[in-house]
Amino acid sequence: MYQLADLLYLMSRLRHPEHGCPWDQKQSYQSILPHTIEEAYEVADAIERGDMQELQAELGDLLFQVVFYSQIASEEDRFDFAAVVDGIVRKLLRRHPHVFPDGDLHAHFPPGQQPAEAKVKAQWESIKATERAEKQASDAVVLAGLLDDIPNNMPVLSRAAKLQKRASQHGFDWPSIGPV
């Protein structure tokens, strides 16, 4: 079976300036963005239909999008796929202290030491809020509010739900449907 290293090599060959694929060579972040969105919807569709064979194929297509972006970024000396992997592992370690004490990927809690799901969720939200605050403090342009990092280009119903969820986590929610 092929491995991740094979996929990374394949992508570098597709983008090779002299011997690569002309279509792949001319792509940019912006030009492949519609394909990424389409692939994400195809993953969701396969899950909703319960088609695990199709899900496997669509996850491969979505992974290819990540590899494609990473290759372009590597060519621009911005970051590479390894940095993407490092970043997500570090973030997930930081957000799961109940599983990885002291941020150690290989440390284990003694049996029976896991906190309740509600505590885990509250801790997750607290960690994310701290990360947002740190990001806002380090950005050249300071974001004005708690909702500014929610993407404007999300589908409108998804964005509305995310805005509502975020606002309710900070005390803005209706006690009943009437006032809405």
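Q: Which residues of α3 are buried?
A: Happy to start here, with a predicted model in which local features need pLDDT of at least 70, side-chain atom pairs count only at pLDDT 80 or more, and totals for chains, interfaces and linings use all residues. Residues are numbered from 1 along each chain as its sequence is written, and side-chain values use heavy atoms, with hydrogens and water left out. Helices (H or I, at least four residues) and strands (E, at least two) are DSSP runs numbered from the N terminus, while buried means under 20% relative accessible area, exposed over 50% and partly exposed in between (1.4 Å probe, protein chains only). By that cut-off, the buried residues of α3 are Ile 32, Thr 36, Glu 39, Val 43 and Ala 46.

Q: What does the cover of the buried residues of α3 include?
A: Helix α3 covers residues 29–49 and reaches 30 Å from its first C-alpha to its last, close to the 30 Å expected at 1.5 Å a residue. The expected span is 1.5 Å times one less than the number of residues. Contact here means heavy atoms within 4.5 Å. What covers the buried residues of α3 includes α4.

Q: Which residues is Phe 68 in contact with, leaving aside its neighbours within four places in sequence?
A: Phe 68 belongs to the largest nonpolar core. Leaving aside those sequence neighbours, its contacts are Met 11, Arg 15, Trp 23, Asp 24, Gln 27 and Ile 32.

Q: Is the protein chain more spread out or more compact than the globule rule gives, and what is its radius of gyration?
A: The chain has seven helices and zero strands. It is more spread out than a compact globule, because its radius is well over the 16 Å that the globule rule gives for 180 residues. The radius is taken over C-alpha atoms, and the rule is 2.2 Å times the number of residues to the power 0.38. The radius of gyration of the protein chain is 20 Å.

Q: Where is Asp 77, the residue with a positive phi?
A: Most residues other than glycine have a negative phi. Asp 77 has a phi near 55 degrees, and this residue is exposed, with a relative accessible area of 73%. Asp 77 is found in the loop between α4 and α5.

Q: Which residue forms a salt bridge with Asp 86?
A: A salt bridge is a side-chain nitrogen of Lys or Arg within 4 Å of a carboxyl oxygen of Asp or Glu. In this pair the closest N and O atoms are 2.8 Å apart, and both residues lie in helix α5, four residues apart, about one turn of the helix. Asp 86 is partly exposed at 37%, and its partner is Arg 90.

Q: Which residues are linked with Arg 49 in a network of salt bridges?
A: Arg 49 is partly exposed, with a relative accessible area of 47%. Its closest N and O atoms with one partner, Asp 51, are 3.5 Å apart. The residues linked with Arg 49 in the network are Asp 45 and Asp 51.

Definitions and conventions. Core = buried A, V, L, I, M, F, W, Y, C linked by side-chain atoms within 4.5 Å.
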